[in-house]
Amino acid sequence: MRVTLERSNLLKSLNHVHRVVERRNTIPILSNVLLRAEGAVLEMKATDLDIEVTEATAAQVEQAGATTVPAHLLYDIVRKLPDGAEVMLKTDEDGRSMSVIAGRSNFRLQCLPQSDFPELTAGSFSHIFRIESEALKGLVDRTQFAISTEETRYYLNGIFLHTLESAGALVLRAVATDGHRLARADMEAPAGSEGMPGIIIPRKTVNELQKLVDAPDVKVAVELSETKIRFTIGSVILTSKLIDGTFPDYQRVIPTGNDKKLVIDRQSFADAVDRVSTISSERGRAVKLAISDGQVTLTVNNPDSGSAVEEIAADYDADPIEIGFNARYLLDVAGQLSGSEAKFLLADAGSPTLIHDMADEQALYVLMPMRV
């Protein structure tokens with residue numbers, strides 16, 4: 001194999017594929033990126049056996065061929081090369097090493113045969129649809145923070161994506177929960193998504209997807225079955241296994257009878273929560289909200305370091321209520337809201353609270369209270 005290409009093009013593609021490679025691998029081939037040169041294209045592929053990312057980039061191919069080299073090492077070398085450099089990749093006669101040449105720099109990397117590189121066989125996909133990258137990014141961004149990190153409840157370690165009838169229209173809905181909070185986001189269901197199976201997209205796949213859907217005005221092709229999902233975003237193809245589990249009936253935890261309405265300035269509230277939670281020994285400590293006519297008093301007590309109190313104006317005219325929340329969870333939700341105001345619907349100190357984004361009717365958040 002002998003191929004020459006722009007450093008910027010090589011770096012961009014390597015940046016997309018190398019991230020799925022785990023730093024520590026017991027299987028050596030999984031530390032490598034597969035490079036395949038043919039025609040006028042260099043294709044790169046990396047996998048951890050659960051996710052596979054492939055990207056093709058334009059290149060000057062003098063001699064077609066394929067090999068695998070350590071992914072993070074190659075990425076670090078290319079990253080440190082001068083901007084605008086032409087990079088040549090060429091394998092030795094015996095195929096055991098590959099040279100990376102740019103100007104006066106020359107690196108030799110150990111190769112493993114491409115025949116050892118595992119293929120993530122996708123099988124056939126039952127549903128295919130296209131979605132604007134911005135719409136997909138919106139679904140993911142508004143829900144991913146609520147994904148559980150508790151490995152024992154593996155079925156909560158991802159985003160539940162499914163279609164359903166809502167207000168007389170078919171919507172594509174993303175839901176994530178960790179048992180303490182829940183995030184839900186809807187969009188109009190794209191053509192082709194009708195009757196798709198409800199699937200759980202793993203957290204690592206969600207993280208990679210977030211980085212890939214940054215470019216606006218790009219159509220993303222989504223192909224899925226009950227076990228796999230594939231996203232094609234421009235020249236990048238991300239294929240992933242799905243979580244094999246049943247997502248709980250999240251509708252049951254969304255309260256419908258919360259009648260106490262609190263409307264508050266989102267930024268003032270987030271800043272106040274951030275300030276009073278400074279007194280906590282950890283961000284997870286409860287902040288108490290004492291809500292009464294026209295104002296909210298935020299209080300944090302820490303027996304080890306002291307206390308903090310702050311008052312902010314609010315629109316509220318129901319019975320006074322005192323309720324506690326995890327400060328970090330409040331900040332996470334506030335960070336997702338796009339409007340200048342947030343609407344809280346409360347019942348009592350022991351029941352889940354609904355939070356609506358005043359500027360986005362398709363997003364909904366549920367927070368479980370804490371004892372204070």
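1. A residue is called buried under 20% relative accessible area, exposed over 50%, and partly exposed in between, with a 1.4 Å probe and protein chains only. By that scale Asp271 is partly exposed, because its relative accessible area is 32%.

2. The model is predicted, so local features need pLDDT of at least 70 and side-chain atom pairs count only at pLDDT 80 or more, while totals for chains, interfaces and linings use all residues. Residues are numbered from 1 along each chain as its sequence is written, and side-chain values use heavy atoms, with hydrogens and water left out.

3. The protein chain holds six helices and 25 strands; these are DSSP runs numbered from the N terminus, helices being H or I of at least four residues and strands E of at least two. Its C-alpha atoms fill a box of roughly 80 × 50 × 35 Å along the principal axes. Of the 372 residues, 53% are buried.

4. Contact means heavy atoms within 4.5 Å. Among contacts between residues at least 6 apart in sequence, 67% join residues at least 24 apart.

5. Asp271 lies in helix α5, residues 266–276.

6. Ile29 sits in the loop between α1 (7–18) and β2 (32–38). Ile29 counts as buried because its relative accessibility is 9%. Leaving aside residues up to four places away in sequence, Ile29 touches Thr68, Leu112, Pro113, Asp116, Phe117 and Pro118. Between the C-alpha atoms of Ile29 and Gly257 there are 55 Å, and the two residues are 228 residues apart along the chain.
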